[in-house]
Amino acid sequence: MIKAGIIGGAGYTAGELVRLLLNHPEVSLEWVHSSSNAGRPLCEVHSGIAGDTDMLFADTHPLQGIDVLFLCSGHGASASFWQQNEMPRGLRVIDLAQDFRDESCGYVYGLPEINRPRIAEARKVANPGCFATAIQLALLPLAAAGCLEGRVHTTGITGSTGAGVKPSVTTHFSWRDNNLSVYKPFTHQHLAEIGATLRHLQPSWSEGISFIPVRGDFPRGIFCATTLRTALDTGELTRMYSDFYSESPFTHVCPTDVDLKQVVNTNKCLLSVTSRNGEALVISVIDNLLKGASGQAVENMNLMFGLPEDCGLRLKASAF
């Protein structure tokens, strides 16, 4: 059994990670660290696992006794953690924050659809951001074929859990319900990792992405609509995308329209592609807490330990 530990165990991504690891056939969850909740039962914070475990939050994090460490604390905390702790020989690390997504300090960028062989050999993996995952999966086949043309335009709508567990004005139910709002237009932090990946695949492309993030009035999921110029018709695009993702167990090209309920509670990314009058529309949908965070982290763990990529991740969508 793979022995796992979690740092920053009280947030949404940690809660989903606990749920997945408790049900993973090859993993033993050894401890979940949370300074503010030490001694409390996990199910008091993550109510969805009531009846699944009697574990308590830990106030220590013995790294020597585990095989893989998941870092689920806020952005900036991972770098601080390694300033205060030494990484044992043989430990593998999967960081869900943005600290090392630039592949600094020996980390590998953890998007399996492009980095599967590197992830399998890595000791340290930086999990992609949620919007970054949805947008990159919408564009990777075009970039890999050198077919990105001009500036890309994306509007992405995200659920309230994307803002984290700490309450704020824009996550309050009475404000968010029946409401939409734009935030961080053209400046979202995930643009850096998206641009780095796409330029690596197609160095000649330099026009960039105009990205408009939108707060949705639902808790989970990301819906991205991406448009760009193309000379390819719908059939050519569909074949390109299907071929590119033919070995990816979670990313699928659909012949019909896609919607959020098809992916919520799964590690899937569903795509639909359409072309008309020299312009392509790519729709990508994911669950921001699973394929956009904890599910992809487990997917990366599976690759790092030589397990089937979908082990412990065969989840049913909340489609009705």
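Is E44 buried, partly exposed or exposed? I looked this up before anything else in the predicted model. E44 is partly exposed, with a relative accessible area of 49%.

**Entry: E44 and its partner**
I checked what E44 pairs with and found a salt bridge to the side chain of R40, at 3.1 Å from N to O. R40 counts as partly exposed too, at 32% relative accessibility. I noted the rule behind such pairs: side chains of opposite charge can pair when their charged atoms come close.

**Entry: other salt bridges**
I got a count of 10 salt bridges. In one of them, the side chains of E309 and R116 meet at 2.7 Å, N to O. E309 lies in the segment after α9 (294-304) and R116 in helix α4, so this pair ties together parts 193 residues apart in sequence. I found E309 to be buried, at 10% relative accessibility. Another salt bridge joins E299 and K291 at 3.0 Å, N to O, and both of these residues are buried. I also found a network in which salt bridges with shared partners join E16, R19, R220 and D287.

**Entry: largest pocket**
I looked up the largest pocket and found about 1,000 Å³ of space in it. Its lining has 44 residues, and H75, T161, G162, A163 and G164 lie nearest the centre. By class I noted 14 nonpolar, 25 polar and five charged residues in this lining.

**Entry: second largest pocket**
The second largest pocket has a volume of about 340 Å³. I listed 15 lining residues, with R101, Y109, E193, A196 and T197 closest to the centre. Helix α7 gives the most to this lining, with six residues.

Note on methods. Residues are numbered from 1 along each chain as its sequence is written. This is a predicted model: local features need pLDDT of at least 70, side-chain atom pairs count only at pLDDT 80 or more; totals for chains, interfaces and linings use all residues. Side-chain values use heavy atoms; hydrogens and water are left out. On a 1 Å grid over the protein atoms alone, a cavity is a set of points where a 1.4 Å probe fits but cannot get out, and a pocket is an open set with protein on both sides within 12 Å along at least five of seven lines; lining residues have an atom within 4 Å of a point. Grid points are joined across faces, edges and corners, and a volume is the space filled by probe spheres set on the points. Ala, Val, Leu, Ile, Met, Phe, Trp, Tyr, Cys and Pro count as nonpolar, Asp, Glu, Lys and Arg as charged, and the others, Gly among them, as polar. Helices (H or I, at least four residues) and strands (E, at least two) are DSSP runs, numbered from the N terminus. A salt bridge is a side-chain nitrogen of Lys or Arg within 4 Å of a carboxyl oxygen of Asp or Glu. Buried means under 20% relative accessible area, exposed over 50%, partly exposed in between (1.4 Å probe, protein chains only).
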